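Here is a short briefing on how one chain is built and how the chains meet. Keep the sequence and the 3D view open as you read.

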Amino acid sequence: MANTALDPHAAITTTASGVATQPLTTADGKPLVRALARSQSRARRKAFLLVLPLLAFIVITFVVPIGQMLQRSFHNDGFSANMPNISAWFAQTERGTQPDDAAWQALAADLQASAEARNIGVVGTRVNYDMPGTRSLFTSTGRKVRKGIEPPYRETLLEIDEEWADPQLWATMREVSTPYTANFYLASVDRTRDADGNIQQVDENQRVYLMLFWRTFWLSGLITALTFVLGFPIAHLLATLPMRKSNLLMILVLLPFWTSLLVRTTSWMVLLQQQGVINDILVWLGVIGGGQRLQMIYNQAGTIIAMTHILLPFMILPLYSVMRTINPSYVRAARSLGATSWTAFRRIYFPQTLPGLGAGAMLVFILAVGYYITPALVGGSSGQLISNMIAQHMTSTLNWSMAAALAALLLGAVLVLYWLYDRLVGVDNLKLG
Amino acid sequence: MKTTLIMSTALAGIAFGASAQEVNVVSWGGAYEASQVEAYNKPFAEETGIKVNMIAADNPATPLRAQVEAGNVTGDVFDVEVSDAIRLCDEGALVEIDPDMLPAAPDGTAAADDFVDGALLDCAVANIVWGTVISYNTTKFTDNAPTSAVDFFDTETFPGKRGLPKNPKRTLYLALIADGVPAAEVYDVLGTDEGVQRAFDKLDTIKDDVVWWEAGAQPVQLLADGEVSMTTAYNGRIFDAMVGEGQPFEVIWDGQYMDLDMFVIPVDAPNPEAAMEYLKFATDTQRLADQAQYISYGPARKSSAELVGMYKDGKTEMAPHMPTSPENLESAVLDDPEFWADHAAELSERFNSWLASS
Amino acid sequence: MLDDRHGEAFVAFEHVQKSYDGQTLVVKDLNLSIGKGEFVTMLGPSGSGKTTCLMMLAGFETATHGEIRLDGKPINQVPPHKRGIGMVFQNYALFPHMTVGENLSFPLEVRGMPRDERETRVKRALDMVQMGKFINRRPAQLSGGQQQRIALARALVFDPQLVLMDEPLGALDKQLREHMQFEIKHLHEQLGITVVYVTHDQGEALTMSDRVAVFNDGRIQQLAPPAELYERPQNSFVAGFIGENNALAGTIEQLDGEKALVRLDDGGLIDATAVNIREKGQRTTVSIRPERVEFKPEMMPHGAHTIEAQVIEVIYMGDILRARLRVAGSENFVMKMRNTIGQTHLHAGQSVRIGWHPEDARALDPV
């Protein structure tokens, strides 16, 4: 400013800087800095108390359960906690050590104690995760030794079941004798350990997770692209129509949100199945013959259609909120400067919708990656995603450690994508509404 | 809940068995739960004055496990599948049930001898036997109707889509039966790698024609819509649609897969005495027979069989619709929970891998 | 009707009508010709149709009826990007995701101009508005005045023959606005371009324009150079809209060519020049500028009619003295007197007789 000399504030600053060597004090002589901190700390404390309920809520309902869940993915003490003696023996001996008398005695004692304490099933389940087919070995042996077991232990156990001598079983028990393990993560990427502890791929006909991860990300990407293609014009229409019409259209856009999943699923079935409305119309129109009815549900196509439908609003809403703020004069200016309507759209309008597009794509993609009810209902076999596997491990096979490992990998992958997005586009450019 | 707990405990202390007692039963919902309400809950409440709260779950084993894990058990009696009962029992989550505590049959046969094989476990008592059966839509096969599991896999002679559940347990056995394996040998064959391969090879022959279902209501709907011409389904659901709603369905009992449903009581159940009372009451000869009036699942007691009469409509004889009827048992595969406890995870992975590959 | 000038007009509106809803006409029968190199301002209150006309010229609105010609060729069917018209928007409409340089380069790029030529032109255009060193800034980093210059440079960078400006200075403060008015005027003269300028600020219109079209109610009320618009308004609306004005209602008492005698409603008789008056006995509104009202008989022409006026207040305004008078029952009659040595100072409550040269009082249509 040209009139700095006349600026009264400037004058004060000059004076203050002249005595800057001494700490400033308040009128009653207390240090100014401390007084300021004290006067602000009350406000800060109050603000903190206000958000405390939310903080507590999030910690209790979100951070703690997720943390516990993630912990299961690398921590499972089903064996080590219930079989202390044999776990101790494994800890003292080298990998590959043949089981000696002490080992057999420890095993027998643990089996007996565990069977008596009624947690032999937990032990068997844990071993079964790493070596399928062994759970019943533990439970059935447990039932026989519950009342007590006499030496010689090795012979007694082998008499009950010869499988106790299997070196693979001992290798597996050694593997699970520490509560911390990476095996669930290995299994999540279709890897396993052989008897010597080397990591190798599982049999070809057991490989499923990597393929499902790949399919999940590829389908989520495709669904994101579809929601963009379908949602962009609608969002534009919403942003440019007069308020009354756009409100009506907005209700139509939001309608899927307000419809119960079951109703929606049923209507997809009515529409999409081979004897459904769309096929009927196509046959009636003669587009396809009666024998060539299209398979649009219970397969990948069903998953794509249904999820695109559900997730469409998550693309439209951020796009809409950004588009509404774009002044129509930008496009007019571009047109007046000689741009065709396509160029004006591509060079001027579209770049300005990017923050909304980024937010929408991010939302849709992350939601799609985690979706499982819809694929389960309409996905058939080829429309299953990794989250269906997580759900299956949670509710059906009850292998929560495996579910946690898969979920952790999924979470990790999403975080990597988020990081990439931040590097490429910048998270500051997100505009959620 | 806590208040209820304190209240009921306090009242139980003052007057044991007073009318303020209650028991929370977690079951599967739908027509099945309705049959339990009619056959067990109403007479039980009338007789003992204990209030029964019915809670529906997709699979009661899931909330049971969650409640035990969380250390906050709210259900008293859970209706679960055998494999879950065994597993949960092994994991120490369930109360042991002494068969001698259960009421004897009317003719004096001890409970231990009266129940069908596999119906009494350390921690569980079976109430019903249910079957997964093949069913077809009669309008699709007017001149030549399918009759066997072999026909299910013959899409040339019997065209149309097939409905199968999306799990290995209720698909692999059917493939083996259709491939000529006798029912009694199914698990022996399935225990070998070659046997598993054989089952998947058989499934491969119809893979492109299969519509996979997950919930019990789906196959009935698929069959009714004409989306599939033949499907496997739980026999009670099919019966309900056939007799209850008059759908043009027919059941093929060949290659039936038999399961038991079991009552279990978790340790730390809030009302253990009432839970045990309920369990004893619900699994006596008469109640199990009564339940068959409402749904076509077989009673788990032999002595109930002769008491099974007409369906609630008063004109349909229930016996031919029971999974436990002798003529329906010829090629029935009985569920082997031990086998599945060992192999469920492994075969699920294999199955999913097979599903996902094209 | 249409005279020869239309043949050489650069921009021509002929019988143009515009309706948005099919019920009412926003623009009613517009006829306007603008010569090459002319600076024409469309002035009017909001809703008068001036912006609609500009938008039709730019191609963002289509005319419901009539023809618009640019350089002799009808352009009704020509899309905006092919009209080659530069435009400056009210909010500048600088592309926020592009730098200043990219903004200016845009119209050249879409015309397929080679890179080095683009750079030369952009630089020249920026220098023209003294913004050369801001080439790499984003619009958001510029002040309003700077953005205004960039918008101007962008509208000129591709050498359009015609530049449209839609209230371009509306968002600037008074001082900056006046400064920019000069700059725009200067650029116009320097480049020889044709400018059509829309504003609702009459000061701006009078300062900058060769001709001003005063819009009201969908019609051009008067199209004239600023001085003529001020001195010789053609109707009551223009008289009232441009500058300060006294309006007196009355009836034509005598009509002799252009000379008219008007009987005011309170009985007073005044001189006036008939503008849109046809006959004796007609109602009229007489319009007189405050600075043309005289109260000293020696300043009035011989035989001028005078009327009685009471001074209500006199306000000292530095260069002038402003007196509010009660005339013919109205208390809003204003008279301005130059603050010169020897000026007779009136005071409140005083009675004077006022009069004027008949040419200064214009008998217009009744309001």
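The secondary structure of chain A comes to 19 helices and two strands; helices (H or I, at least four residues) and strands (E, at least two) are DSSP runs, numbered from the N terminus. Chain A has a radius of gyration of 32 Å, well over the 22 Å that the globule rule gives for 433 residues, so it is more spread out than a compact globule. The radius is taken over C-alpha atoms, and the rule is 2.2 Å times the number of residues to the power 0.38.

This is a predicted model: local features need pLDDT of at least 70, side-chain atom pairs count only at pLDDT 80 or more, and totals for chains, interfaces and linings use all residues. Residues are numbered from 1 along each chain as its sequence is written, while chains are lettered from A and ligands numbered from 1 in the order in which they are written.

**Chain A**
- The C-alpha trace of chain A spans about 100 × 90 × 35 Å along its principal axes.
- Chain A is divided into domain 1 (23-74), domain 2 (84-181) and domain 3 (209-429), with bounds from an automatic or database domain assignment.
- The centres of domain 1 and domain 2 of chain A, taken over C-alpha atoms, are 51 Å apart.

**Between chains**
- Two pairs of chains are in contact, and chains A and B share the most contacts (two residues are in contact if their C-beta atoms, placed from the backbone, lie within 7 Å).
- Chains B and C do not touch; 45 Å separate their nearest C-alpha atoms.
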